[in-house]
Structures are given as C-alpha cells and as structure tokens.
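Student: I'd like to learn how to read salt bridges in a model. Can you walk me through it?

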Amino acid sequence: MKAVLFGASKGMGRALARLMAARGDRLFLIGRATDDLERSARDLEIRGAPAPVKTAYCDLLAPESFAPALDQAERELQGFDTVVVTAGLFATQEELENDPQLAARVLAADFTGTVLFCEEARKRLLAVGGGTLCVFSSVAGERGRKPVILYGAAKAGLSQYLEGLDHKFRARGLRTVCVKPGFVKTGMTAGLKPPPFAGQPEAVARRVLRAIDRGRPEVYTPAAWRGVMCIIRNLPRFIMRKIEF
Amino acid sequence: MTLQPHRSKLTGWGRFPVVDGLVLKSENLPAAAERATLSRGLGRSYGDSSLPAGADLPVADATLADRLLGFDPASGMLRAEAGASLFELNRVFLRRGWFVPVSPGTQFVTLGGMTASDVHGKNHHVDGCFGEHVRGLKLRLADGRIVECSDTCEPELFRATIGGMGLTGHVLEVEFPMRPIPSPWIWGESRRIEDLDLMVAGLKEAAREWPMTVGWIDCLARGAKLGRGILMKGRWARPDEAPEKPPPRKRRFRVPIQFPGIALCKPNMKAFNLAYYWKHIQRVRRGILHPDAFFYPLDALDDWNLIYGRRGFTQYQCVLPHADGNGPARRFLERFVSAGGMGFLCVIKDFGAEGKGMLSFPRPGMSIAMDFPIHPTKTPTLVDRLNELVIAEGGRIYLTKDTFTRPEHFRAMEPRLEAFNAVRRRWDPEVRIRSAQSVRLLGDPA
Ligand SMILES: Cc1cc2nc3c(=O)[nH]c(=O)nc-3n(C[C@H](O)[C@H](O)[C@H](O)COP(=O)(O)OP(=O)(O)OC[C@H]3O[C@@H](n4cnc5c(N)ncnc54)[C@H](O)[C@@H]3O)c2cc1C
Ligand SMILES: NC(=O)c1ccc[n+]([C@@H]2O[C@H](COP(=O)([O-])OP(=O)(O)OC[C@H]3O[C@@H](n4cnc5c(N)ncnc54)[C@H](OP(=O)(O)O)[C@@H]3O)[C@@H](O)[C@H]2O)c1
C-alpha cells in the first residue's frame with residue numbers, strides 16, 4: 001500500500017500510521033507542523049515503514065496548501081493508492097459558544113477544509129483508476145445533540161459528503177471509508193470525562209485498518225457505538241430535548 | 001487548540017495517597033512540561049513520587065510523547081521520547097533481537113520513569129541500573145530552558161537526574177543502547193529453597209554464573225522456615241535451544257472490580273504464599289520460558305492493584321549492606337514479622353555496585369521488597385520500625401516505592417542528600433519542580 005496520511009502526528013492517526021508502518025506500507029505524512037512531522041516520520045521508519053518517510057506542509061485551514069502537498073506526495077511515492085485523513089479540530093460546545101472565532105476555525109477545518117482536501121485527493125485517486133479515501137468523521141454527526149451542536153454539524157456535513165462520494169464513485173474504483181469514532185481516549189479528549197465504551201486509539205486503528213483493507217464504506221469504532229447511535233438516531237425529539245447526551 | 005489542564009484523580013500504583021490533580025496531557029511534552037511542576041509516566045511508582053505537591057500545581061503526563069526518534073541497527077543506540085513505554089519497546093524490538101539493557105519487573109513503565117527512578121532488574125549484579133546505560137538526556141528545566149546532558153555535558157545535572165525522582169527537570173528524551181539478544185526466549189532454572197541461609201547463599205552463588213537472578217520469599221513462614229522460597233535464574237536462550245517462533249503475545253486478564261478489604265485477611269495471604277511455594281512441587285525446574293513470564297509475571301493481570309481494596313497498599317523496599325553475611329536479611333524479616341507485618345509478595349535480590357545516579361537506590365547488599373495492604377495506623381508504625389532497622393544496618397530505602405517514611409529517617413539513611421540538594425538548588429533555586437514526595441521527605445514547600 002502507498003498511503004498519504006494527513007494528521008498522523010497525533011492520536012488515532014499516529015496509531016493507525018504505526019500499524020501501517022509495522023506491515024511495511026509506504027507512507028507520506030502531511031500536516032501543519034513540519035518539524036514535528038519529521039519526528040513522526042523517524043518513529044514510523046523505526047517501526048518498519050520503508051525509509052525515507054517524507055513529509056509536506058498541509059493545513060486544514062489553508063486550502064491553498066492541499067494541492068501542493070498531494071503533488072509532492074505523488075512525486076515522492078511515485079503515485080499513491082490510499083489517502084487517510086485523521087486531521088481534525090475539536091472544542092467543547094461551551095468553548096465554541098463563547099468564542100466565535102474558535103467556532104469559525106472548527107467549522108472551517110472540520111467541514112470546508114476537510115471536504116476541499118478530499119476533493120483534491122479524490123481527483124488524484126480517480127485519475128489513476130481509483131483507490132481508498134478514508135476520512136475520520138464522528139458519531140457527533142449522526143444527530144443534533146446538546147453537547148456537540150457546532151462540531152457535530154460540521155461532522156454531519158462531512159459524513160453526508162463522504163456518503164455521496166461513495167455512491168457516485170465506487171463503481172469507478174474510489175472506495176470511500178467514513179470512520180465514525182465514538183469517544184476515544186486521545187489528547188483531543190484528555191479533558192473530558194470518558195463515557196462507557198470509551199475506546200483506545202490502538203484498538204480503533206486495528207478496526208479502521210481492517211475496514212480500509214476491505215473497503216467498507218462506513219465504520220463505527222469502538223464497535224459498541226453502532227448500537228448506541230442506532231438508538232440515538234431513533235429517539236423521539238421530546239426525549240432528545242430532555243437528555244444531556 | 002492551546003493545551004488545557006484538566007482535573008483528574010491521581011495516585012501511584014498503591015492507590016494511596018490520592019490527589020485531585022491538574023494534568024497536562026499532550027503528545028507535545030515540551031509544551032506540557034513548560035507549564036508543569038512535575039512530570040509523570042505510567043504511575044507504576046507505588047507511593048507519592050509521581051504526585052504533584054499540591055492540587056493546583058499542574059503535572060505533565062508524558063505517556064502520549066512516545067515516539068522513537070532514532071535507532072542505529074549497527075550499535076543498537078536508541079533515542080526516544082520520554083513517554084515511550086517498555087511495553088512498546090518490547091513489542092517493536094524483541095522479535096528483531098534487541099532488548100533494553102535493564103528492565104524492571106513490569107513493562108508498563110516509561111523511559112522517563114525508568115530514568116527518574118534509575119530502575120534495576122534481575123541483572124543488577126552484572127549490569128547495574130538503567131542509568132548506567134543512558135548516554136544522554138534532553139531535559140526541560142524549571143526555568144523553561146531545554147538542555148541536553150550526559151557524562152560530558154552538564155555531568156552533575158545528568159547524575160542528579162538519574163534516580164532523581166523527577167526533581168531536577170522534565171525528561172523529554174532518553175538515549176541509550178539496546179542490547180542484542182541471541183533469541184527472544186529465556187532459558188530459566190528455578191529451585192525451591194528451604195530457608196533464608198540457603199536463599200542468600202543460593203543468590204550469591206547463582207550471581208557468579210547467571211546474568212539474571214531473583215528470589216521470592218514466603219513472608220509468612222517463621223522459625224526454621226523463615227526465608228524459604230523460590231530462587232529463579234535465567235539467561236537469554238541460544239538460538240539452538242529456543243523455539244523457532246517468536247514469543248506469542250500473552251493474553252492479559254483484567255481485575256474487574258476493587259476487592260473488599262477482607263480479601264486480604266491473614267488466612268488468604270497465608271494460602272497465597274503457601275500455594276506459590278508448593279506450586280513449585282519439584283525441587284528444581286528448568287527450561288524455556290516466555291520472556292513475559294520471566295520478566296513480568298504480574299503484568300498478566302491488568303489492574304491487579306485493585307485486589308488490595310479501597311485503602312490501597314504500599315511496598316517497602318530497602319537494601320541492606322552485606323557486611324556480615326545473611327545476618328541483616330534475617331534481622332529484617334524477623335523485625336517484619338515481629339512488628340506485625342503481613343505481606344503478599346516478597347522479593348529478594350543481591351545488588352551489584354552502586355551506580356552514577358546521585359540518589360540512585362541500589363548499592364552492594366541484599367535488597368528486600370514486600371507489598372502489604374495499608375492500615376491507617378499500623379502501616380506507618382510498621383514502616384517506622386523497618387526504617388529504624390535499615391538505618392541501624394546502614395542501608396536505605398527505594399523512593400519510588402515509598403509512601404510513609406519520615407523525613408528524619410530518610411536523612412539518616414541518605415548522606416548523599418546534601419550533594420543532590422545542592423545540584424537541585426543550582427538549577428531550580430525557586431524549587432518550582434517538586435512532588436508530594438519531595439514535600440514530605442525533602443522539606444519542599446507544599
Ligand atoms: C509490578 C511492579 C514491578 C516493579 N518492579 C521493579 C523492579 O524490578 N525494579 C525497579 O527498579 N522498579 C520496579 N518497579 C517500580 C517502577 O519501575 C518505577 O516506579 C518506575 O519509575 C515507574 O515508571 P513510570 O513510567 O510508571 O513512572 P511514574 O510512576 O509515573 O513516575 C515515577 C517517578 O518518575 C518521575 N518521572 C516519570 N516520568 C518523568 C519524566 N518524563 N521526566 C521527569 N521525571 C519523570 C516521576 O516524577 C516520579 O518521581 C515496579 C513497579 C511495579 C508496579
Ligand atoms: N477522540 C475522539 O473521541 C474522537 C471522536 C470522534 C471523532 N474524532 C475525530 O477523529 C479524528 C482524529 O481524532 P484524534 O482524537 O486522533 O485527534 P488528535 O489526537 O487531536 O489529532 C488530531 C490531528 O489533527 C491534526 N490537525 C488539527 N488541526 C489541524 C489543521 N488545522 N491542519 C492540519 N492538521 C490539523 C493534528 O496535527 P498537529 O500535530 O499539527 O496538532 C493531529 O495530528 C478527528 O477528525 C476527530 O474529530 C475523534
């Protein structure tokens with residue numbers, strides 16, 4: 001596999017990159033902090049990724065960085081067949097309500113930025129006959145919920161977009177994998193109280209890699225969240241208004 | 001997003017004391033450390049060494065800073081971020097024929113914690129502590145500066161940080177050589193031993209031939225049986241002895257709930273010790289062992305500290321100089337029993353030479369470690385009685401296990417403390433970096 005990883009410096013992206021490295025996949029890292037990405041590149045080489053693992057600058061809030069980053073990946077890897085996006089930004093509903101600039105950044109990164117990046121990636125994959133585009137959305141996008149109104153809205157838009165891509169382009173070889181994590185213990189959620197079924201990034205990564213290998217269009221992780229979200233999607237409004245979930 | 005501290009209940013492995021602390025947890029350890037008054041790893045130290053000096057003094061959790069930064073397959077030299085765990089290193093390197101030069105009895109420790117406690121292992125009599133092998137450290141100091149230190153560059157700071165319980169600065173990166181091993185399996189021999197004299201003699205004799213040794217003692221046996229137990233010896237297996245396959249990943253089990261206090265009543269502890277002793281029904285066993293079974297028998301059970309119930313537990317570990325044969329070890333065990341001590345696991349090991357760490361625990365002599373549940377009044381008294389004996393014997397205790405020692409006892413054991421304090425004052429005159437333990441034992445401000 002030849003994969004471009006966007007957001008592998010931390011959290012679930014780091015865990016997934018390590019699994020791919022251990023099985024010898026060729027990797028190219030993109031992200032906003034290039035010095036730090038170099039350190040991640042060394043980590044992945046030691047864990048088995050063919051050296052050198054190269055890196056390029058790419059910022060979800062700077063759409064002009066998308067095409068050059070992917071161009072460089074194409075050159076260094078001599079073509080790629082997989083793009084994984086774990087880059088994303090989170091803030092609590094309270095923080096977002098109190099800070100419109102932060103809200104603007106989260107909406108721009110998690111929806112506009114991610115979607116525009118996927119457009120660039122999709123074109124390149126389709127041009128070579130297809131491949132896998134795996135993007136981390138969230139269970140927060142499944143239903144309007146009090147603790148994740150703004151972040152959830154961005155992720156809802158993202159999930160919808162990814163489903164559309166899958167319907168339109170799967171026949172042409174583009175396998176879109178939309179990952180919907182529930183609560184996973186990473187730096188992103190370090191300050192939040194973990195609910196039952198909180199997952200670990202390594203276990204999530206194993207499940208996601210299996211989904212990538214099989215081209216599954218949608219994956220809930222940890223698995224228990226599929227059931228949880230099925231219930232939540234079907235709860236009547238008058239109950240959703242009462243509960244704090 | 002800027003890094004936000006969050007509230008979290010913090011304890012060491014003994015689950016006492018508990019601090020409702022402020023934690024900074026990020027892959028970006030330098031940023032977390034810049035605002036923290038202490039760093040911690042996986043919290044496998046038993047007592048208060050990894051706890052902040054106060055509820056509002058932030059502590060950096062290093063565990064997400066776990067990248068391997070450089071590895072030279074020719075020399076084995078490895079550089080990694082301080083939060084990298086021994087578990088990960090074993091996962092990555094064991095199959096490839098490399099192992100850390102020194103490993104403690106659990107793999108759920110970080111490189112930062114291994115450095116700060118200057119950990120020892122079953123090979124102490126030949127290889128010394130982990131710190132002997134560390135070539136370089138990157139530290140974030142109390143004033144925010146980031147410095148490299150080693151035997152040649154700021155050597156005092158280097159020697160104070162090894163075994164310095166996190167009090168000299170935040171360890172960001174650690175560099176040390178991994179060791180080539182002939183196979184990832186262990187060739188081991190274990191022997192049932194009838195009493196303490198035989199145990200001590202057995203350890204000393206085994207030390208001459210085996211690179212790794214340790215003894216387990218039934219700490220409830222008395223009289224003629226005092227000190228009976230099992231002596232374990234091991235070395236890496238040669239390729240012609242070892243199974244062809246790499247060791248499979250061991251299944252781990254989880255302790256689901258905190259046990260009620262009664263689970264550790266005397267009859268149960270007796271039964272456990274008896275069972276452990278008689279499980280070893282043949283006098284001698286030899287053969288190939290899974291490295292996890294040899295190095296980390298307790299890791300098979302996740303969260304085993306919950307077995308000790310609500311009040312938690314502590315471990316007492318000291319080293320007693322050998323001056324007069326096995327007398328010190330015998331006097332120690334007798335004191336333990338007469339002071340009402342009741343233990344689950346008791347480990348005995350002969351140490352080799354003292355290392356370079358200024359406050360590092362090991363020195364030539366016999367080390368004895370035992371776990372016991374905490375009783376609010378009896379445990380402090382028991383620790384006092386043990387410490388009085390250790391002082392009289394010219395020995396000392398291991399800070400990473402300690403919860404109850406009094407500062408005056410610690411000072412009496414540690415003539416090295418002044419030199420350590422002097423280095424600390426030089427690099428951190430305002431005592432910004434401190435822990436609950438340094439408040440208790442070194443008189444730091446709370
Ligand atoms: C089952 C078991 C068996 C053990 N066996 C042994 C043994 O055989 N030999 C032995 O020597 N020890 C042994 N220990 C103790 C253990 O090895 C040490 O306590 C070790 O320091 C724990 O590492 P940690 O990452 O959990 O650190 P923590 O417990 O989180 O912290 C320990 C100390 O290290 C400091 N520290 C941690 N990270 C940093 C950092 N990045 N920068 C600066 N300071 C830091 C903390 O401030 C604290 O003072 C054992 C413990 C257990 C639970
Ligand atoms: N953790 C959860 O519980 C959870 C639940 C549901 C969904 N998710 C989603 O899953 C994905 C991964 O989450 P995680 O928990 O692994 O997060 P994480 O640990 O915070 O990692 C986030 C990654 O995104 C990158 N990033 C952030 N902003 C960026 C920007 N503007 N430009 C480029 N890269 C940027 C970060 O890179 P830097 O190194 O530059 O910071 C980092 O690599 C995210 O999309 C998240 O929304 C997470």
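Tutor: Side chains of opposite charge can pair when their charged atoms come close. The cut-off here is a side-chain nitrogen of Lys or Arg within 4 Å of a carboxyl oxygen of Asp or Glu. By that rule, this predicted model holds 57 salt bridges over all chains. Local features need pLDDT of at least 70, side-chain atom pairs count only at pLDDT 80 or more, and totals for chains, interfaces and linings use all residues; side-chain values use heavy atoms, without hydrogens and water. Residues are numbered from 1 along each chain as its sequence is written, with chains lettered from A in the order in which they are written.

Student: How many residues apart are E38(A) and R42(A) in helix α2?

Tutor: Four, or about one helical turn, in helix α2 (residues 34–46) of chain A; helices are DSSP runs of H or I, at least four residues, and strands are E runs of at least two, numbered from the N terminus. E38(A) is partly exposed at 30% relative accessibility (buried is under 20%, exposed over 50%, partly exposed in between; 1.4 Å probe, protein chains only).

Student: Which residue does R39(A) pair with?

Tutor: E81(B), with the closest N and O atoms 2.8 Å apart. That pair crosses between chains, from helix α2 of chain A to strand β6 (residues 77–81) of chain B. R39(A) is partly exposed at 26%, while E81(B) is buried at 4%. Both belong to a salt-bridge network that also includes D36(A), R67(B) and K138(B).
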